[in-house]
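Dear colleague,

Please find below the structure that I am handing over to you. My notes on what was found in it follow directly after.

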Amino acid sequence: MSLWEYANPVRFLALSSRVLPVFWGLAALCLVSGLIWGFFFTPNADKFESTVKIIYLHVPSAMMAINVWVMMLVASLIWLVRRHHVSALAAKAAAPVGVVMTLIALFTGAIWGQPMWGTWWAWDPRLTSFLILFLFYLGYIALWEAIEDPDTAADLTSVLCLVGSVFAVLSRYAVNFWNQGLHQGASLSLDKEENVADVYYFPLLVCIAGFVFLFLALVLYRTGTEIRLRRTRALQAREVRA
């Protein structure tokens, strides 16, 4: 069976109805177990004390803030090339989730930054690019709401998503591009020497998995809602013409 078959709204809704309970369950299991493990059963760090435990919210949300935009980029490209409406609606459905993830990352970063850096905010390259990414999320959502024709809205928001992808890349690699700035390097890396200690690493992986499953569940649910809303509007338009 081809993946493109799920561009059909009926097939997509049938698939999402089957997998949604699994994703909700895995999200709840991973988030509850990971956060309890991380916040209550890991020690304070010598340098960071209890502040280190903010990583169980900050790192997963920051990763998802960037990866949600990447998912929107892929869906937008599929819309521009293949004109599959489900892909455009999936990108639209993902944007509010990305906004929340970015807000969590910015808020928890401020909580981390105040005791560590002595300030709630600094115009650090990664922090600044994250703020700009947040503004792009808001602009993307506003553009969808401002245009009545859904296909025109999908076209314009897809172009905006392409432009905003520059800042998604900057958010991910800002520390590598610029050696200056307060923000430390990545907490997770293919180079094991750069990872956090194992006592924090494994509960962090569980929390990341929880955020991923939560994102998948939310996007599938919201995409299904968008499909049903579009059907409802189409039926209402037919009734008006009749």
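Is Lys92 buried or exposed? Lys92 is buried, because its relative accessible area is 15%; buried means under 20% relative accessible area, exposed over 50%, and partly exposed in between (1.4 Å probe, protein chains only).

Before the details, a word on the source. This is a predicted model, in which local features need pLDDT of at least 70 and side-chain atom pairs count only at pLDDT 80 or more, while totals for chains, interfaces and linings use all residues. Residues are numbered from 1 along each chain as its sequence is written, and side-chain values use heavy atoms, with hydrogens and water left out.

Confidence is expressed as pLDDT (the predictor's confidence in each residue, from 0 to 100). The chain averages a pLDDT of 84, and 82% of the residues score at least 70. Among the elements of the chain, H1 has the highest mean pLDDT (94), whereas helix H5 (residues 150-177) has the lowest (79). Helices here are DSSP runs (H or I, at least four residues; strands are E, at least two), numbered from the N terminus. Where pLDDT is low, the predicted coordinates should not be read in detail.

Salt bridges

A salt bridge is a side-chain nitrogen of Lys or Arg within 4 Å of a carboxyl oxygen of Asp or Glu. By this rule the count comes to two salt bridges. Side chains of opposite charge can pair when their charged atoms come close.

Glu226 is buried, because its relative accessible area is 10%.

In another salt bridge, the side chains of Arg83 and Asp155 meet at 2.8 Å, N to O. Arg83 lies in the loop between H2 and helix H3 (85-117) and Asp155 in helix H5, so the pair ties together parts that are 72 residues apart in sequence. Arg83 counts as partly exposed, at 37% relative accessibility, and Asp155 is also partly exposed, at 25%.

The nonpolar patch

Val32, Ile36, Trp37, Phe40, Phe41, Phe202 and Leu205 form a nonpolar patch on the surface, with about 740 Å² of accessible area together. Patches are made of residues with over 30% relative accessible area and no salt bridge; nonpolar side chains (Val, Leu, Ile, Met, Phe, Trp, Tyr) are joined within 5 Å, and like charges within 9 Å. Accessible areas come from the Shrake-Rupley method with a 1.4 Å probe, and for residues only the protein chains shown count as cover. Helix H1 (9-40) and helix H6 (198-241) each supply at least two residues of the patch, and H1 gives the most, with four residues. Phe41 lies in the loop between H1 and helix H2 (55-82). Phe41 is exposed, because its relative accessible area is 62%.

Gly210 is found in helix H6 and counts as buried, at 0% relative accessibility. Gly210 and Ala27 are 183 residues apart in sequence, yet their C-alpha atoms are 4.5 Å apart in space. Ser16 lies in helix H1 and is buried, with a relative accessible area of 5%.

Yours sincerely
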